[in-house]
Amino acid sequence: MEKIAIVGVAQTTYERRKKDKTYHDLVYEVTVAALQDSGLTLADIDNVITVSNDFLDGRTISSMAVGEAAGAHNKNISTVEGDGTFGAFYGAMRVLGGFRSTLVVAHSKGSEGSSRFITNAMFDPIYQRPLGLDSLSSSALQANAYMAKFGIAEEDFAKVSVKNHGNAKNNPYAQLPMNITVDDVMRSKKIADPLKLLDCSPISDGAAAVIIGNEEIVEKSKTRPAWIKGIGHCSEEYFLGDRDLADPRALRNAAERAYAMAGISSPLEQINVAEVYDAFSYMEPLWLEGLGICKPGHGHKMIEQGITTMDGSLPVNPSGGVLSAHPILVAGLARIIEATLQLRGEAGARQVDGAGTALAHGINGPCGQSHCVWILGAEV
Amino acid sequence: MARRVAIVGTGQTDHCSHRPDVDGREMIHEAVIRALDDCELTIRDIDAIVIGNMDHFESINYVDTWSVEGSGGVMKPIMKITTGGTTGTSVAIAAYYHVASGLFDRVLAIGWEKNSESDTTAAIITCSDPIWDRFSYSGAIPSLATEAVGYMNRSGATQEDAARVAVRDRTHALNNPHAHLRKPITVQDVMDSPMLAYPIKLLDVCPRTDGACAVVFAAEGTAEKIAPKPAWIKSCAVRHSITWFGDFDFNAGLMSLQRAAKEAFDRAGIKNPVEDLDVAELYLPYSYAGLKWIEDLGFCGPGEAPEFVGEGNTDMGGKIPINPSGGVISTNCIGATALIRVAEAAIQVMGKGGKRQVPDVVNALATGFGGCFWSDVVVMSTQRPY
Amino acid sequence: MTTGRDYSKLLTVKFDRAMPYEWSVGKYGSRFFREIIEHQRFVGIRCPKCNKVYTPPRRICGPCFEELHELVELSTTGTLVAFSVVNYPFPDPNTGQQRPIPYTYGYINIDGSDSIFSHIINETDAERIRVGMKVRAVFKDKAEMRGDIQDIKYFELLNK
Amino acid sequence: MKDWLTDTEALTLKGQINLPYTWWVGDVGSRFLIALRDEKKILGNRCPSCNTVYVPPRRNCGRCFVDINEWLELSDEGVVSSYTIVRFSHELQPLEPPYAYAIIKLDGCDVGLVHVIKENLESLKNGARVKAVFKEDRTGKILDIDSFRLI
């Protein structure tokens, strides 16, 4: 693969509600900030990918609201509807395919719509939507399947919440930095067994942008580049009943693609920091299994063994993860941004010492049906 | 360095107003199977998929993941691209970059819509800004009518001139087994049809269609092995510049199309479009666009379109046949519509047009239109780019 | 239906629930509505680079990619750029009910502004409206204003 | 008007997207739902290539990408492979919580069917056997199966 890198990043703080900001405002702010971060000007950006979702925004052609704010006037542009990791994937392909640079920008205002309606609409209108399924209840089914398959306890998931909300205290962008205990999680309000309130990510507002460039743009930008070493995405079956919800095989496939490109054969040894899409506490260990960082059924042991904590050999979600801020679509781009900051050594109090290879991960669809995996490196 | 990319196969449903016999996924599957059959591939040969439609038209969120059983996306990379009316060309261009990037060799692009599953006008109204426009907006027709009036005032074009475009497209549709409206009409029929918003009448505008389209893209080295005569992508360009409805200048040309076409033509080496292009599949959602926008494409000078079209230059057998497929006025399954333009242009390049084939096509043009007067342009050819 | 098949035995599933939203207007738009409530007047915003005045005010000028600050006081009159008497029935996604017809949708160039403002014109007889006519905004009573676009009841035709 | 940004209170607009949807169930789905409605039977179908028996039945196998034509009647009993007891409520739910969602592997079928369980939730566990309870008034919908009950 040709050498391309992330040369500029920006994100808003994530909050429960940004009442005074429109999508347009949020996109404009991160676009300007990403340009500033990179030291590039708008003239250096020769195409734009916006990321938005018509259900979230309550608007058909939701991309119409933000093109101008993303500096896309008179530029080539397209729009990915899905997690920001997928939007950035397309942005990277456009650089590999001939453009010098792509600005990828995602926005999300979970505060404006009803997440029950929006996530109910992920399900099949004939067979599943009439049952009232939504992201919470379907994820609870997945958590239950995962526990049953490997004999995992709810407390094991609670530890993920404790770790990630604790990590969020070091992240000025995070929405929910919290000092909590396993007991707090276990005693929090029951939502859908086995999920309790503190197993679930919040509703969030925010935006994020990254600039992806070829070598010419890397030369021109002022930042230390985060080289794109490997990327891969993959989806599995749609109907929940067709899947083994405790076996994230699409993630395994996506990771294999990214690892093959990046020359990673032993992810646990070769990756220094990972930002994964933990929309619910159980997802972090399940995705670690899918990513091949541990064996199936061993994900929940990673905290106990001190591997994924900040002082471990592979800290996972130093930012606090999606559990600490969940702007849908933006969340995956935030994972890429966090990975980039780690590689630059600019992650502040959440910095993992000497991070040379970082992983970022995003999901689409019910229960992580579709995954996108990114491997970024500090060195070419 | 970007790889060269070609279209090697296309598939479409037999478009019609209602498809009660299939759900959305099953309809998509029909188009995908036809595209694979067209280039003698199986789903195992496909490395990645791009899909698009309009969320609120069927109320399906995450169409990429919902579709996999029909689209072939089980255990494959799939992503969703959505940009309104331009969705189909945006999907095609995304498939192009999937291959050009070097990451994937054979990529499937899918566009689809089941307009019969909701009220199309009501759904289109939700594309307007909820704060400013949605309470009064009544769909695309008033703004298109305004554009038409502006054009008529400048050019002296008549309603009959526009009707001629509708008659051309509907006549061409008779040759296309996939077209939705396959009944011939006359200029008088158009003139006699109910007035929707002056000067637009019912037969000046596109229908509402259920349908899907799938197109297979392949990399140089692979494409030639799959198709004897692949349709090489020479260039693509996109302008989605306007964000606010009130910024469109109804008294000027379609700026987005002028700019996208200039970029695409420059990169494809098209100097004189009428001479250099052999056929065009244009996203013309209403008849007046078939006058005004061909001027923006440089097919003729400002104000000359009525005569240019009237003399038959854009008919089958003319200098530059437009919409041998019957165009959008004959078939409009919105998320598929612009992809059908790409597919039909590729069909012409590949020489697979049957009764609608234009002889000896070398270069073909496809366009997309949508959003806030946005345009996408794709140029393809029997000849490799560069 | 075009295939001639009898589809009467095939089933459907229906859904017609209102999906609720609460959209942020943003400070620029909010200022526009506040000027209407407090002063029954319009404001636009000027781009320092290209000098264009946009109504309603917005944060940036797209072509210049310039952040805008300079509010411009405007009158409540303008010129009709285009109109359409909407006569065809359709369900209104804002209410779930049929939108009352006929009504006239108008594009208005507010005096002193360079962009087009869309609203309703209180005349549904197409014979009595012409492009180029002067129009004036008619506001709701102040007590009834809610800070949204319908604080403007409609635009009325002047010099009929 | 210099400081107008700071002294302008930000407004919001409450609204909705309220569109009428009618999804076509199609030939395959209609046969399944009509069997529920008219005969209280749960039909599945089998992929000729991988032999997977699907419910709801499919026009084509997503894995093998071949058409499916072999129909069979499935048992109305099966095993809970996973479940959740729902304790939060929202307006799209068909029942008042608490109730359960379960993925149920019907006897003779290779994939799970998502449905609801209303009663004896305290006895619900992975591996529990359940049986379909049909509604009295059936209209050709997935909720013609009222729920599954523990055996």
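Visitor: Which residue is the bridge partner of Glu113(B) in β7(B)?
Guide: Gly211(B) is the bridge partner of Glu113(B) there. Before we go on: this is a predicted model, where local features need pLDDT of at least 70, side-chain atom pairs count only at pLDDT 80 or more, and totals for chains, interfaces and linings use all residues. Residues are numbered from 1 along each chain as its sequence is written, chains are lettered from A and ligands numbered from 1 in the order in which they are written, and side-chain values use heavy atoms, leaving out hydrogens and water.

Visitor: OK. How many bridges join β4 to β7 in chain B?
Guide: Nine, between β4 (residues 106-114) and β7 (residues 210-219) of chain B, and the two strands run antiparallel. Two strands pair if DSSP finds at least two bridges between them. Strands (E, at least two residues) and helices (H or I, at least four) are DSSP runs, numbered from the N terminus.

Visitor: What's the strand order in that sheet of chain B?
Guide: β3-β2-β4-β7-β1-β8-β11-β10-β9, nine strands in an open sheet with mixed pairing. The edges are β3 (78-80) and β9 (279-281) of chain B, each pairing on one side only. On average, neighbouring strands in this sheet are turned by 25 degrees against each other, direction ignored.

Visitor: Which strands does helix α3 of chain B lie across?
Guide: Helix α3 (residues 63-71) of chain B lies across β2 (48-52), β3 and β4 of chain B, at about 130 degrees to β3(B). Angles run from 0 to 180 degrees between N-to-C directions, with axes being lines fitted to C-alpha atoms, for helices over the stretch in contact. Helix α15 (residues 334-350) of chain B packs on the sheet too, touching strands that include β1 (5-12), β8 (231-239), β10 (363-370) and β11 (374-381) of chain B. The direction of α15 makes about 115 degrees with that of β1(B).

Visitor: Staying on β8(B): is Ser235(B) buried or exposed?
Guide: Ser235(B) is in strand β8 of chain B and counts as buried, because its relative accessibility is 2%. The cut-offs are under 20% relative accessible area for buried, over 50% for exposed, and partly exposed in between (1.4 Å probe, protein chains only).

Visitor: And what does Ser235(B) touch?
Guide: Not counting residues up to four places away in sequence, Ser235(B) touches Ala264(B), Arg267(B), Ala268(B), Val377(B), Val378(B) and Val379(B), contact meaning heavy atoms within 4.5 Å. A polar atom of the Ser235(B) side chain also lies 2.7 Å from the backbone oxygen of Ala264(B).

Visitor: New topic. How many residues of chain A are in contact with chain B?
Guide: 62 residues of chain A, and they meet 62 residues of chain B.

Visitor: How much area do chain A and chain B bury between them?
Guide: About 5000 Å², 55% of it on carbon and sulfur atoms. Buried area is the accessible area (1.4 Å probe) that two parts lose on being put together, summed over both. In chain A, Thr60(A), Met64(A) and Glu81(A) lose the most area to chain B, together 13% of what that side buries.

Visitor: How many salt bridges are there between chain A and chain B?
Guide: Three, a salt bridge being a side-chain nitrogen of Lys or Arg within 4 Å of a carboxyl oxygen of Asp or Glu. One of them joins Arg25(B) to Asp124(A), with the closest N and O atoms 2.7 Å apart.

Visitor: Where is Asp124(A) found?
Guide: In the loop between α4 (115-120) and α5 (135-150) of chain A. Asp124(A) counts as buried, because its relative accessibility is 1%. Its side chain reaches the backbone nitrogen of Ile126(A) at 2.9 Å. Among the contacts of Asp124(A) beyond four places in sequence are Tyr238(A), Phe239(A) and Trp66(B).

Visitor: And how many residue pairs are in polar contact between chain A and chain B?
Guide: 23, with both residues at pLDDT 80 or more. A polar contact is a pair of N or O atoms within 3.5 Å; within protein, one must be able to donate a hydrogen and the other to accept it, and residues adjacent in sequence count only if both atoms are side-chain atoms. On the side of chain A that touches chain B, α3(A) gives the most, with six residues.

Visitor: Last one: which residues of chain A is Asp55(B) in contact with?
Guide: Asn53(A), Asp54(A), Phe55(A) and Glu81(A). Asp55(B) is in helix α2 (residues 55-58) of chain B and counts as buried, because its relative accessibility is 0%.
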